[in-house]
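Hi,

Here is the structure I promised to pass on.

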Amino acid sequence: MTAQQLWLDTLYILPEIIVTAVALLVFTWDFLRPKEQPVMLAAVSLLGLLIAMMFTVPQWGQEFIVFSKSIAVDYFSICLKFLTLSVTAFVIVISIPYFKKVDMWRGEYFVLLLFACVGILLVGDGISLVTIYLGLELLAIPAYVLTAFMVHDERSSEAAMKYFLMGSLASAIMVYGISLVYGITGQLNIYAIQDYIVKAGVKSDPALLVGVILLIAGFGFKIGAVPFHMWLPDVYEGAPTPITAYIATAAKIAPMAAVLRVFVVAVHPLSGHWMPVMAILSALTMSLGNFLALKQENIKRMLAYSGITHIGYALMGIVAAGVSREMGVVSVVFYFIVYLISNVGAFGVIIYICKEGGRWGDNYNDFKGLAKVSPLAAMVMSIFVMSMLGVPPTGGFMGKIWLFAAAIKTNMIWLAVVGVINAIISAYYYLRVMVMMYMHEPSPELMIEKEGAGLLAFMLFVMAAITVYMGINPGVFYDLAYKSLTTLL
Amino acid sequence: MLGSISYKESIGFPLLSIVVFLPAIGALFLMLINSKRQTLLRCAALAVAGVDFVISLFLLVGFRQNTAKMQFVEKFAWFKAIGSSYHLGVDGISLFLVILTTLMGVLVVLACWRDITSQVKELMICLLLLQTGMLGTFVALDLLLFYVFWEAMLPPMYLIIGIWGSSRRIYSTLKFFIFTIVGSFPMVLGIMAIYFNYHNYAIAYNIHPEYTFDLLKLYQVNIPMGIQAWVFWTLFVGFAVKVPMFPIHTWLPDAHTDAPTVGSVILAGILLKMGTYGFIRFSLPLLPDACREYGHIALILSAIAIIYASWVAFNQEDMKKLIAYSSIGHMGYITMGIFVLNQQGISGGVIQMLNHGVSTGALFLMIGMIYERRHTRLITEYGGLFKQIPWYTTFFVIVMLSSMGAPGFNGFVGELLILMGTFKVSMTFGIVCILGILGCSAYLLWLFQRAMLGEITNPANHKLKDLNFREVMILVPLVIMIFWVGLYPKPFLDVIDPSVENLVAMMRSGPSSAK
């Protein structure tokens, strides 16, 4: 590769470069003027994300493979870029009122958040196993630090420790898997691996299969699939709420994208082998997440466990992709968009009602009577919850119905039945949120501090509107998912 | 093949969309009104519901009799990528259900005028959203769209019972919601199986291979018995929970007992009909073989419901619970009529759906009226009401006779048709039906005797006031309906019969040869 080619290629990853540059800028600024108002830093970060998004727009509709076939700019990655950038922006918005309430400001916060964002963007772009791994690590390390951000709270530190240990283990397993796949196929590019497996006829090479199993385990850790989910609830509960939102949503984009790239493309010829494993993983993930969510009193923990369930649903689509790549991928991408929006929105509402100290709003009881104090907040939360449950007219319904359809289409009827049973069970804990909000008298402590939360309220409203719009006119998002599929394959 | 008449030919403007979405749009506007201005909120909701009712009457004007085609059909691309369209239409089966829904929409707003004073804004919004959901369910001709409407009315109803209900409201409303989705989530699997089957069939028979949720297209293809067998049960459970059929009826008495009057009226008047409507619209024509194969199970469950509900109703102390159980029994006749799978039975079922909506709705309204005055529903608290509130008692007698199915009242017409249909199929089930009717008359008369006749034993009843103008206005339209259907049912049957005939033909001879 010539130097000139390298410069040209760089143009295609401008969004990543911009976000990195902004991160460094914020870092320097914070270093030089430590007393600077954090709102300024947040504003600069937001602006940077916006510019990155603007530079993503002209890439739409094009397809490039650059950096010696390790980075692809296509519908799939652009779709993920938009999602990642907007979710990161939303998390920055919800961080402002939150840290005002807990009275703890540090400029590094935004730096870490932006670096994590670059990591996710890289995974979205990566079509080489090494790029994917690099991106995942670039995401993970800031995420460990961010989890420990509330230095005075033991739970925060404990969660970070757990996250770090588990995450490193997962990375190690993943690298081992990657090295085995590389060892057998001699390729790192996912398309090359796919071709090699088909042509060389190594479909039942034991070392390759072990590699695939290790990859499943490694990615399983990262997305929090059962039985690799143990770190998740503690991290969700311990981390500061905006970071919980980040780990629950944006940080899930990366491993999910990696799973799609690796399993739907690279090792797809081995689908006969990994499908049953993935199906069992999916069924376990759905069911266990659900049962544990039933007993929670802490809403953040509930969202953590229910998030596990949602990952289980999404895995159902991956299983279906083993047979019908079209239906499988489209359903996963669509569902994931919905999941991101409703989940990050729900965390936004938690922050909206949280008070000094930052722990208020974590429990079901804190939501008592919210409908009487702030009807709009209750309505928005209901929309998110109904979407997660899968009740129309919300996006969650359209996402779920298509996942079940994918499972039926590929003759995995038992998996669809497990999915439906879990959807029914999940009604209990989602409805409890509504019971608390609408059917109880408000407790005297419930006060909404509207000051400084105007932007947050507006964003929440937009999120709720999108959630409903996805249920009423799903075609737009479906087309998006379909387009990203066409370039993925 | 079932044809359709576009809204352009019928009336010239998209009437059904207006009828369906007017309440939802009204609800959006209601959100802008200050929640302290309760009277304004009530008036606005009443205006929206009233206009909706008046507009829906145009359906009667433009409706063509003597045809089984879908009318006022609107079809636009909606979720094109997966073959779902925005497809609405009415035929003789759904026409009166739509009118009944819009009528009830007006009556319930009136009924809670004084009754509910807290969170009026939320209540009105819930009622209007619920109305859009119900209307959409009755007119949707696209499986996905139908399901969207079907589920979309769950949250408003859930809130109505849970917020404005009585003591055990949270338990009851959770039970209602969970029972309903236990039925309806698996329906998704059945719907998807039907959807994929169309595509496979189209490939096999060289029709344009496409994926579609369009009901009229799905009617045209056969579903192999292997698929029908399990799809039937997914749909059956989904619809049966709503009806509710024995043994999944247990949510209903709880929901009724704890629901506010408006909740009970909508529940009994409209929501329960959606289950039986679903049987007629989806199960019968899409899965005829499975219906013939497993219809007898539905008949047995209906028979049990009829007998069991009468038996339990006898032992109720609470008037509302008594009516709730009687409602289960009455819905048992309707499912019986549907699953005997002949012209008389289904016609009777359809008209009985209308009748049950009117008379049970009226009974719940009247119980609500007396509850508003005395705050108790125990039968023993009353007695001799006729002396104190004669107008109330008079209306009660009319509604009660209609519910019993006395000749000259609307219930008689439906029950007679159902009996004719049932006796054609089986003597045993016919006898069960007759026993049920007898039982029903007995417990209603006994209720009447204990509550209304004799001397006033409870001094608290001396202060009761008779119906006021608003309450009379609520009941008059229902009483008109009762006598109209009872004395001159021909206009109703003329509308219903062609559609039912076509349905029976479609079932008998396979989808392609029906007209």
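Predicted model: local features only at pLDDT ≥ 70, side-chain atom pairs only at ≥ 80, totals over all residues.

Let's start with cysteines: a disulfide here is a pair of cysteine sulfur atoms within 2.5 Å. Residues are numbered from 1 along each chain as its sequence is written, chains are lettered from A and ligands numbered from 1 in the order in which they are written, and side-chain values use heavy atoms, with hydrogens and water left out.

How many disulfides are there over all chains? A search of the whole structure finds zero. Take Cys126(B): the nearest cysteine sulfur belongs to Cys112(B) and is 11 Å away. Cys126(B) is buried at 8%, and Cys291(B) is buried at 0%.

Next, the strands of chain B. Helices (H or I, at least four residues) and strands (E, at least two) are DSSP runs, numbered from the N terminus, and two strands pair if DSSP finds at least two bridges between them. Strand β2 (residues 70-79) of chain B is joined to β3(B) by six bridges, and the two run antiparallel. Phe79(B) stands opposite Ser84(B) in β3(B). Four residues lie between the strands of this hairpin, and there Gly83(B) takes a positive phi near 80°.

In a regular strand the side chains alternate between the two faces of the sheet. In β3(B), Ser84(B), Tyr86(B), Leu88(B) and Val90(B) point one way, and Ser85(B), His87(B) and Gly89(B) point the other way. Are the residues of β3 (84-90) of chain B buried or exposed? Seven of its seven residues are buried.

Over in chain A, Ser382(A) is found in helix α17 (residues 375-389). Ser382(A) counts as buried, at 7% relative accessibility. With contact meaning heavy atoms within 4.5 Å, Ser382(A) touches Met434(A), Met437(A) and Tyr438(A), not counting residues up to four places away in sequence.

The loops have a few backbone details to look up. In chain A, the peptide bond from Pro392(A) to Pro393(A) is cis, with omega near 0°, and Pro393(A) lies in the loop between α17 and α18 (395-409). In chain B, a cis peptide bond joins Val243(B) and Pro244(B), with omega about -20°. Pro244(B) is in the loop between α10 (225-242) and α11 (251-258) of chain B.

Which phi does Asn411(A) have, although it is not a glycine? Asn411(A) has a positive phi of about 65°. Asn411(A) sits in the loop between α18 and α19 (413-439) of chain A and counts as exposed, at 61% relative accessibility. Leu341(B) is not a glycine either, yet has a positive phi of about 60°. Leu341(B) is found in the loop between α14 (319-339) and α15 (343-374) of chain B.

Cheers

Definitions and conventions: Buried < 20%, exposed > 50% of the residue type's maximum accessible area, 1.4 Å probe, protein only.
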